2 protein chains.
Amino acid sequence: MVERRNPIPVAEAVQRVMKYQKNGQTEYVSINESFGRYLAEHITATNDVPHFDRSPYDGFAVRAVDTKEASQENSVEFEVVDHIGAGMVSKEKVGAFQAVRIMTGAQMPAQCDAVIMLELTKGYEKNGKTYMSIKRPFNSGDNISFRGEDAKEGDILIKKGMKINPGIQAILATFGYAKVPVAKKPLIGLYATGTELLDVDDPLEPGKIRNSNSYMIAAQIERAGADVKYFGKLPDEFETCYEAVKSALDQVDMLITTGGVSVGDYDYLPAIYDKMNAEVLFNKVAMRPGSVTTVAQANGKLLFGLSGNPSACYVGFELFTRPIIRKMLFAEKLHLRKERAILTVDFLKANPFTRFVRSTLTVQDGKLMISPSGVDKSNIVMSLAGANAFMILPGGTRSFLTGSEVDVLLLEDFTGSEWPW
Amino acid sequence: MVERRNPIPVAEAVQRVMKYQKNGQTEYVSINESFGRYLAEHITATNDVPHFDRSPYDGFAVRAVDTKEASQENSVEFEVVDHIGAGMVSKEKVGAFQAVRIMTGAQMPAQCDAVIMLELTKGYEKNGKTYMSIKRPFNSGDNISFRGEDAKEGDILIKKGMKINPGIQAILATFGYAKVPVAKKPLIGLYATGTELLDVDDPLEPGKIRNSNSYMIAAQIERAGADVKYFGKLPDEFETCYEAVKSALDQVDMLITTGGVSVGDYDYLPAIYDKMNAEVLFNKVAMRPGSVTTVAQANGKLLFGLSGNPSACYVGFELFTRPIIRKMLFAEKLHLRKERAILTVDFLKANPFTRFVRSTLTVQDGKLMISPSGVDKSNIVMSLAGANAFMILPGGTRSFLTGSEVDVLLLEDFTGSEWPW
């Protein structure tokens with residue numbers, strides 16, 4: 001009566017899914033739309049920075065040789081022959097004991113090789129001309145930002161796979177990337193199954209609940225960097241589900257279904273995979289929640305059969321679907337970032353299965369601290385709201401005490417971790 | 001010749017800006033568009049969860065009283081009178097020694113008060129009827145998820161100001177929030193000033209550089225949760241700038257300009273504030289970079305005069321503009337989140353000013369570690385790309401050595417910190 005399934009370890013399950021990883025595609029978007037996207041190529045310097053010798057200060061550009069005799073006792077006088085701001089280029093040929101008044105960021109006049117800060121000079125007028133004098137000598141090269149000092153043309157500045165942040169936006173603009181090569185967002189199909197599901201704007205009915213998984217998974221897909229195509233809800237009817245799943249898969253890069261993967265009498269996904277000739281990679285994982293998570297592949301396309309239980313659904317997506325998405329976004333480290341953290345509560349009850357406890361990661365005196373984000377019952381959606389991490393409690397006979405160190409997986413991070421964890 | 005300005009401490013500058021903080025406004029968006037937005041109201045449970053007594057397992061619903069005599073030696077037999085999945089409601093009136101086959105999530109039949117897991121039963125057919133038998137007794141209430149067990153109608157589930165994450169999406173859907181009250185995004189105007197600025201798709205010209213600040217700040221605005229209205233570039237001409245700034249301010253919640261706030265001969269912002277009768281809150285802050293950051297207010301609207309230097313511009317936004325935006329997004333803690341981290345390099349040169357060093361925050365063995373994200377010269381945009389934090393090095397005579405603890409400000413965080421830091 002009850003189908004017997006063979007639970008496999010989490011690591012083995014992840015490995016089976018990762019065999020079907022695919023590279024992403026590149027598309028070019030305007031720099032105005034690139035914030036938050038993932039770079040599909042390394043970004044190189046298209047020119048030296050600065051691309052001309054420039055003044056880092058407000059002051060005077062001079063020939064250093066003319067300053068040699070200056071001292072506290074002996075002021076040296078310069079005639080100010082030009083006055084340039086950033087973006088201007090002096091047309092004067094600066095000669096002996098001449099100076100150009102220069103603003104921060106302006107290009108050095110060709111004959112000059114030092115800048116004297118404004119506050120070290122004394123300015124005055126004489127016979128209708130402008131002068132300044134100084135009381136100390138300068139060396140050739142003093143106070144100049146030289147061409148190529150910050151970056152040389154051809155340097156790799158940012159590696160592909162990086163999420164574009166404000167600093168990267170600045171670099172893209174500096175080097176003229178009006179169009180930015182970014183990873184095309186994978187398109188993830190989504191079906192919720194279950195006769196018990198109401199729409200979000202439906203009034204409650206006896207025995208029924210509102211469909212929350214679709215909204216949750218859609219947000220998880222978006223957070224992971226992909227686009228979602230929501231196909232709707234499916235009733236627990238075999239033929240309807242079969243046709244819907246088969247046709248949806250053709251339209252997307254991978255398909256997620258929620259519900260219908262357990263061994264209940266209305267769980268049709270196993271039979272659907274069978275009729276589709278999809279290869280089931282696994283249908284039971286030695287973990288809680290999410291043990292019934294099922295992943296199949298049809299012609300290399302992945303079908304993620306996530307549990308209808310919200311917490312199990314959430315975990316299944318993050319462990320199995322997200323790394324496949326991250327690969328298509330050119331990420332180097334595909335898996336949830338793993339760190340060590342200190343447990344702030346006791347888990348006294350041993351558990352034979354590896355548990356992924358939705359948790360809140362905080363920092364205390366520079367140390368990562370982890371505590372469950374709510375009552376840890378797998379049917380409670382509330383505890384997901386405060387979760388920014390999973391704590392991993394390995395299965396076995398031991399309990400876990402306050403103050404002990406445990407592995408945690410970060411949910412809001414884009415650095416990632418290598419596999420195996 | 002050089003205008004003397006009075007640098008004020010960072011804390012004092014922040015305080016002067018925060019006097020002009022304003023509350024945000026609420027708007028309702030579809031749940032499909034609410035991910036990543038900020039809640040403008042507390043979210044309460046609109047019904048009990050579960051809203052009916054339900055089975056957490058696949059199994060049989062029975063009257064516990066009928067199981068009392070069951071034992072290893074004495075099987076007790078039940079007639080299976082109905083079969084319900086999640087979303088269905090049994091129409092049978094369950095009598096003595098009768099059972100309903102029930103799936104996970106289905107509503108308990110009215111007469112039943114216990115669920116027996118499928119694997120603890122033995123099923124068989126007899127005379128065309130279906131039976132199951134058990135070998136142990138159950139108590140009333142065994143294996144039932146009771147109405148209201150997870151949440152009671154009226155409970156506050158999520159506080160306003162929270163950024164909507166996948167778990168919150170699930171809660172919103174569960175409780176029928178088809179329209180979600182979120183903070184209206186403040187609209188931040190942006191002008192870049194400087195004759196030296198080229199557009200991102202312009203070829204380089206002698207003495208000129210591409211405008212990178214606008215793209216950077218636009219991304220910072222978006223990251224902070226607001227919308228940007230980019231007005232374009234302004235040449236260093238007083239009248240043009242004055243008219244542009246004045247008219248732009250009317251169209252936005254606050255206005256950012258980059259450049260033109262120093263004491264160079266083409267720095268017109270001070271004169272513009274003057275002509276607008278704007279009150280300058282400060283024009284010099286005892287910090288590096290960003291010492292020339294200027295903030296003014298006109299009729300309660302803030303004008304942020306950020307430095308034209310990319311790093312100074314970046315810091316100025318995060319310290320002074322971001323908290324004002326966060327307030328309008330109903331955040332509880334308005335300022336960049338502060339934590340302690342361990343320094344991985346030496347800073348041997350003492351500095352009289354408080355420094356905000358753009359840095360990369362990592363975790364090692366559960367401890368926060370901080371290192372500069374690049375060469376720390378304020379004109380180098382490259383080091384901004386890897387920055388996910390600022391390290392704060394207080395001004396003074398001391399140096400900072402590897403292994404010592406310093407304050408850090410997190411740039412990609414939405415938890416925030418209270419003021420004063």
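Okay, let's start with the interface: chain A and chain B bury about 6,800 Å² between them, and 64% of that is on carbon and sulfur atoms. Buried area here is the accessible area, with a 1.4 Å probe, that two parts lose on being put together, summed over both.

Before I go on, this is a predicted model, where local features need pLDDT of at least 70 and side-chain atom pairs count only at pLDDT 80 or more, while totals for chains, interfaces and linings use all residues. Residues are numbered from 1 along each chain as its sequence is written, chains are lettered from A, and side-chain values use heavy atoms, with hydrogens and water left out.

So who takes part? Chain A puts 85 residues into the contact and chain B puts in 85 residues, with contact meaning heavy atoms within 4.5 Å. And 100% of chain A's interface residues are interface residues in chain B too, so the copies meet through the same surface.

Now the polar side of things. There are 12 residue pairs in polar contact across the interface, both at pLDDT 80 or more. That term needs a pair of N or O atoms within 3.5 Å; within protein, one must be able to donate a hydrogen and the other to accept it, and residues adjacent in sequence count only if both atoms are side-chain atoms. The elements giving two or more residues to chain A's side include α3 (213–224), β21 (354–364) and α2 (166–174). It's α2(A) that gives the most, with 9 residues. Helices (H or I, at least four residues) and strands (E, at least two) are DSSP runs, numbered from the N terminus.

How many salt bridges are there between chain A and chain B? The count is 0, taking a salt bridge as a side-chain nitrogen of Lys or Arg within 4 Å of a carboxyl oxygen of Asp or Glu. Over all chains, though, the search finds 32. One I'd show you is Glu77(A) with Lys126(A), at 2.8 Å, N to O. Glu77(A) sits in strand β4 and Lys126(A) in strand β7 (residues 122–126), so the pair ties together parts 49 residues apart in sequence.
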